Amino acid sequence: MGLKNKIVIIDSDEILKSYLKERLNKAGIEVVCCKDGFEGSLKIKNENPDLVIADSDLKRIDIFTIIREKNEYKSTVDIPVIVMEKEQNIETEEILAELKVSAILVKPIKIDLLFRNICNLLNCRINFDRTKSMMEAHINDDILFVEISDGLNTEKIDVLTYEIRNMVEQYGKILTKVLIICSNITNSPNLNVKLEQLITSVTDETAAVTSTIRILTPKNSPVAKIITESKKFREIMIVENISDAISSFGKINVFARESEVDEINTTLLTSANEKISVPLPMDMHFASEDDPMKSQYSVAIIDDDLPILEYLETVFESDGWKTIPYETPVAFIKELQSVRPDIIFIDLMMPEINGIQVIQYLRKNKIKIPIVVITALSQKEVITRVKEYGVSHFLTKPLQMNKILDTAKEILCIN
């Protein structure tokens with residue numbers, strides 16, 4: 001099957017381009033990478049992409065010239081552009097705004113924000129792991145420290161792979177030992193798959209093997225259970241305290257006093273970032289983790305068509321909304337006493353109870369939640385009937401991502 005969309009990426013950072021090419025290819029998007037403005041300008045004209053992602057600081061031809069040239073040709077004028085800045089610059093952003101750039105993002109790029117913009121501009125869906133996870137990595141001597149808490153996230157493991165590669169190149173060390181520090185990781189779907197992805201990434205990017213990997217976690221934890229029961233990873237040592245972990249690498253005197261051990265451990269875990277600055281073009285944190293206001297809006301989605309239900313979930317969750325999906329109106333009505341969404345998206349044609357009956361129920365019980373009706377119908381009598389109950393917003397299938405989000409934000413007065 002051919003790839004559905006095409007993106008031209010113009011950036012001198014090989015790590016960023018490699019990551020985006022690999023990740024977007026998995027999502028069914030073709031990626032053409034360019035090293036400078038001259039090559040990028042040619043590719044835009046010859047490839048006629050659906051989207052351009054470019055760094056603001058380009059060699060040979062600058063970003064402003066590229067966009068002006070793009071805007072001059074009928075065949076390329078409508079191609080949206082996302083610009084990535086190394087640091088925020090008001091003057092640059094004003095010029096880019098005049099050139100009608102679609103989005104301006106600041107490096108290190110928050111990948112969920114970038115993918116959200118890509119989905120909106122291409123009106124496409126990119127499956128994205130939203131599992132809560134905090135992840136950090138640094139190097140000390142020949143030990144790679146990976147600190148993970150709250151959960152494992154496949155997107156962050158992908159970024160971690162490139163971060164390790166970046167550190168290895170800049171630090172100039174052959175890493176033979178790895179300490180993975182896991183905290184507050186509970187059992188969850190695909191945890192074993194994600195653990196394998198994590199360990200594979202670590203061994204692929206370093207000289208470590210399973211026998212030189214330590215995982216710091218309680219021995220009764222889900223992580224420890226998966227590792228000890230795995231034939232593939234049985235050589236990995238599970239340790240329960242940092243002193244045992246470090247001493248097993250031969251990094252400290254095991255006869256040192258407890259206070260001395262603590263001091264050495266603290267130095268090992270914190271000094272790496274002081275010794276070397278390793279900038280990565282992607283951020284290990286998500287934009288949604290930085291904005292506590294993102295989770296304040298919730299949307300109930302009622303549709304018996306599972307592909308439509310899942311599509312709407314993806315659209316809203318990629319923009320930071322909390323989604324409450326229902327395959328039947330009955331399930332929605334049962335939860336209505338305890339769950340009150342900010343807005344409802346509902347299909348009209350459903351078995352047992354249809355969308356009109358749900359709207360009647362809400363109005364009869366004086367439940368004033370804004371409603372958006374989703375329908376493939378165009379009959380005037382149906383629309384007229386729904387309007388009698390105060391519904392004024394309608395979306396016709398096939399649904400468009402931008403229209404879905406714009407409608408919800410307009411109703412709730414969200415900028």
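pLDDT is the predictor's confidence in each residue, on a scale from 0 to 100. For this chain its mean is 86, and 89% of the residues reach 70 or more. The structure is a predicted model, in which local features need pLDDT of at least 70 and side-chain atom pairs count only at pLDDT 80 or more, while totals for chains, interfaces and linings use all residues. Residues are numbered from 1 along each chain as its sequence is written, and side-chain values use heavy atoms, with hydrogens and water left out.

Two stretches call for some care in reading. Over residues 252-257 the pLDDT stays under 50, and the model has 9 contacts (heavy atoms within 4.5 Å) for them beyond four places in sequence. Residues 271-276 also have pLDDT below 50, with 9 contacts beyond near neighbours in sequence.

The chain contains 17 helices and 17 strands; these are DSSP runs numbered from the N terminus, helices being H or I with at least four residues and strands being E with at least two. Of its 415 residues, 48% count as buried, that is, under 20% relative accessible area, as against exposed at over 50% and partly exposed in between (1.4 Å probe, protein chains only). Among contacts with a separation of 6 or more, 68% come from residues 24 or more positions apart.

Turning to the sheet, 5 strands form an open arrangement with parallel pairing, in the order S14-S13-S15-S16-S17; strands pair if DSSP finds at least two bridges between them. Strands S14 (322-326) and S17 (393-396) each have a single partner strand, so one side of each is left without a neighbour in the sheet. From one strand to the next, the twist averages 20° (axes are lines fitted to C-alpha atoms, for helices over the stretch in contact, and angles run from 0 to 180 degrees between N-to-C directions). Helix H13 (residues 306-318) packs on this sheet and touches S13, S14, S15 (343-347) and S16 (371-375), its direction making about 170° with that of S14. Strand S13 (residues 298-302) pairs with S14 over 5 bridges in the parallel sense, and Ala300 has Ile324 of S14 as its bridge partner.

Some backbone details are also worth a look. Most residues other than glycine have a negative phi, and most peptide bonds are trans. Asn48, in the loop between helix H2 (37-47) and strand S3 (51-55), has a positive phi of about 50° and is partly exposed at 43% relative accessible area. The peptide bond from Lys107 to Pro108 is cis, with omega near 0°; Pro108 lies in the loop between strands S5 (103-106) and S6 (109-110).
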